[in-house]
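This report concerns aromatic pairs and nonpolar cores. The structure is shown first.

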Amino acid sequence: MIIQDIRLTPFEIDAICASFRTYFTSEDHLWLFGSRVNPKARGGDIDLYIETTLLDASAAVDKQTAFVIELYEKIGEQKIDVILNLLTRDYELAIYEVAREQGVQLV
């Protein structure tokens, strides 16, 4: 999957990436997954998957919340779902693998 196949405007992609960089470190990563990576699909929410090296779960959730609020300010209120994976935790959920394998890494 290449970035041209995703169903977001260049403005939306730039806004998502810039907002992510504001709240997360250079060691953290961001994927878009779900229906927005399917060029044949219609509609759909913006599904984002974040891998972070933050140790404090509460701080990570605060950053996630601030990230989404900033996105609303930049691209307008849309249905945005964020899956947050603290890499410092010792567990793997199936959704993490789906997001990485079927998604497009933005950052």
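In this predicted model, Phe20 has a relative accessibility of 1% and counts as buried, because the cut-off for burial is under 20%. Phe67 is likewise buried, at a relative accessible area of 0%.

A search of the whole structure finds five aromatic pairs. In one of them, the ring planes of Phe20 and Phe67 meet at 80°, so this pair is edge-to-face. Together with Phe24, Phe20 and Phe67 form one aromatic cluster.

Another pair, Tyr49 with Tyr96, is tilted. Tyr49 belongs to strand 2 (residues 46–52) and Tyr96 to helix 3 (residues 94–102), so the pair ties together parts that are 47 residues apart in sequence. Both Tyr49 and Tyr96 are buried.

| Pair | Centre to centre | Angle between planes | Geometry |
|---|---|---|---|
| Phe20–Phe67 | 6.1 Å | 80° | edge-to-face |
| Tyr49–Tyr96 | 5.6 Å | 35° | tilted |

Phe67 also belongs to the largest nonpolar core, which has 26 residues; Ile16, Leu48 and Phe67 touch the most other members. At least two residues of this core are supplied by each of helix 1, strand 1 (29–33), strand 2, helix 2 and strand 3 (80–86). Leaving aside residues up to four places away in sequence, the contacts of Leu48 include Ile16, Leu30, Phe33, Phe67, Leu71, Ile80 and Val82.

How values were computed:
Residues numbered from 1 in each chain as written. Predicted model: local features only at pLDDT ≥ 70, side-chain atom pairs only at ≥ 80, totals over all residues. Heavy atoms only, no water. Phe/Tyr/Trp six-rings, centres within 6.5 Å; stacked < 30°, edge-to-face > 60°. Buried < 20%, exposed > 50% of the residue type's maximum accessible area, 1.4 Å probe, protein only. Helix = DSSP H or I, 4+ residues; strand = E, 2+ residues; numbered from the N terminus. Core = buried A, V, L, I, M, F, W, Y, C linked by side-chain atoms within 4.5 Å. Contact = heavy atoms within 4.5 Å.
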